Amino acid sequence: MKTLYVLAAMLLVSMNSYGSESDADKIARAQSAAHPAISKNAMIMDVDGKLLQKGTNEWTCMPGITPGDKHPMCNDAVWGKVMKAVATKSDLKIDRIGISYMLQGDAMVSNSSPYATDKNNGDVWVQEGAHLMIIVPKEMLKGLSDDPFNGGPYVMWKDTPYAHIMVPVKVDK
């Protein structure tokens with residue numbers, strides 16, 4: 001029972017620390033995901049859907065992807081559809097290019113599935129630093145590597161409707 005109370009207390013503290021973050025801090029983190037020419041005028045949406053700042057361009061930036069996550073991203077309208085489809089496990093047909101910026105990097109994720117949670121499931125897991133994500137009609141991915149350690153762009157989630165090109169933009173030494 002003591003363990004349960006400790007876990008509950010840790011959860012409340014972590015939720016409170018995230019919840020107490022100011023909107024200005026969330027906006028700054030969201031804008032750090034892309035070049036200022038894009039993010040400065042983007043709509044800023046919190047992970048819970050709350051509008052933090054109206055935008056004047058076609059981009060939407062978020063301070064994280066899920067509650068508690070602090071890996072910001074900026075998406076064009078096509079990537080907005082990708083995010084919605086992934087969240088609802090819906091099918092997706094891409095008919096034009098879509099771009100997402102994650103210049104602050106990402107969490108550890110499976111290269112095979114957006115829904116994988118067990119790092120011991122046999123998938124290749126990767127934590128990419130600064131990168132772009134580009135989604136195109138699936139037939140355009142033919143011939144691209146799906147190896148995240150190949151030293152260049154690669155296809156993530158290749159056997160899903162959400163297959164996209166990961167483009168690392170910073171080499172960590």
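The model is predicted, with local features requiring pLDDT of at least 70 and side-chain atom pairs counted only at pLDDT 80 or more, while totals for chains, interfaces and linings use all residues. Residues are numbered from 1 along each chain as its sequence is written, and side-chain values use heavy atoms, with hydrogens and water left out.

Helix 4 spans residues 77–88, twelve in number; helices (H or I, at least four residues) and strands (E, at least two) are DSSP runs numbered from the N terminus. From first to last C-alpha the helix reaches 17 Å, close to the 16 Å expected at 1.5 Å a residue, where the expected span is 1.5 Å times one less than the number of residues.

Val78, Trp79, Val82, Ala85 and Val86 of helix 4 are buried (under 20% relative accessible area; exposed is over 50%, partly exposed in between, with a 1.4 Å probe and protein chains only). Seen down the helix axis, these buried residues fall within an arc of 115°, so they line one face of helix 4; the arc is that of the directions from the axis to the C-beta atoms. The cover over the buried residues includes strand 4 (73–75), strand 5 (98–102), strand 8 (131–135) and strand 10 (164–168). Exposed Lys84 and Ala87 are carried on the face turned away from the buried side.

Glycine 55 is located in the loop between strand 2 (51–53) and strand 3 (60–62). Glycine 55 counts as partly exposed because its relative accessibility is 34%.

Key: Contact means heavy atoms within 4.5 Å.
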